[in-house]
Amino acid sequence: KDDVVKDVKFEGEGCAISQAAMSILSEELIGKTVEEAKAISSEDIVEMLGIELSPTRLKCALLGWESVNEAI
């Protein structure tokens, strides 16, 4: 609304990493403008998670972020 993310909801199934990453991202997006949301990088997602990820788990962590980017 008015170029600001007011609420985020998601429904998903997957591993704990993918679900946790999307949950954290959902909270992070609220209150941001669309431009600020677009500026969130893959590195930001990894930092938000705060754990070391293997290349396979990195794909899991970025799944929701990729979906959000496509949506906006």
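Tutor: Leaving aside neighbours within four places in sequence, Ser26 is in contact with Val8 and Phe10. Please note that this is a predicted model.

Student: In which helix is the place of Ser26, and is the residue buried or exposed?

Tutor: Buried means under 20% relative accessible area. Ser26 is placed in helix α1, and it counts as buried because its relative accessibility is 6%.

Student: Which backbone oxygen does the side chain of Ser26 reach?

Tutor: A polar contact is a pair of N or O atoms within 3.5 Å. Here the side chain of Ser26 comes to 2.8 Å from the backbone oxygen of Met22.

Student: Which residues touch the most other members of the largest nonpolar core?

Tutor: That core has 17 residues, and the ones touching the most other members are Leu25, Leu29 and Ile45. At least two residues of the core come from each of α1 (16–29), α3 (42–49) and α4 (55–71).

Student: What does Leu25 touch, not counting residues up to four places away in sequence?

Tutor: With those residues left out, Leu25 touches Ile40, Ile45, Gly64, Trp65 and Val68.

Student: Why does Met48 count as partly exposed?

Tutor: Partly exposed lies between the buried limit, under 20%, and the exposed limit, over 50%. Met48 falls in this class because its relative accessibility is 26%. This residue lies in helix α3.

Student: Which residues does Met48 touch, not counting those up to four places away in sequence?

Tutor: Met48 touches Ile24, Glu28 and Ile40 on that count. As for a distance between C-alpha atoms, those of Met48 and Ala20 are 10.0 Å apart, with the two residues separated by 28 residues along the chain.

Terms used: Residues are numbered from 1 along each chain as its sequence is written. This is a predicted model: local features need pLDDT of at least 70, side-chain atom pairs count only at pLDDT 80 or more; totals for chains, interfaces and linings use all residues. Side-chain values use heavy atoms; hydrogens and water are left out. A nonpolar core is a set of buried Ala, Val, Leu, Ile, Met, Phe, Trp, Tyr and Cys residues joined through side-chain atoms within 4.5 Å. Buried means under 20% relative accessible area, exposed over 50%, partly exposed in between (1.4 Å probe, protein chains only). Helices (H or I, at least four residues) and strands (E, at least two) are DSSP runs, numbered from the N terminus. Contact means heavy atoms within 4.5 Å. A polar contact is a pair of N or O atoms within 3.5 Å; within protein, one must be able to donate a hydrogen and the other to accept it, and residues adjacent in sequence count only if both atoms are side-chain atoms.
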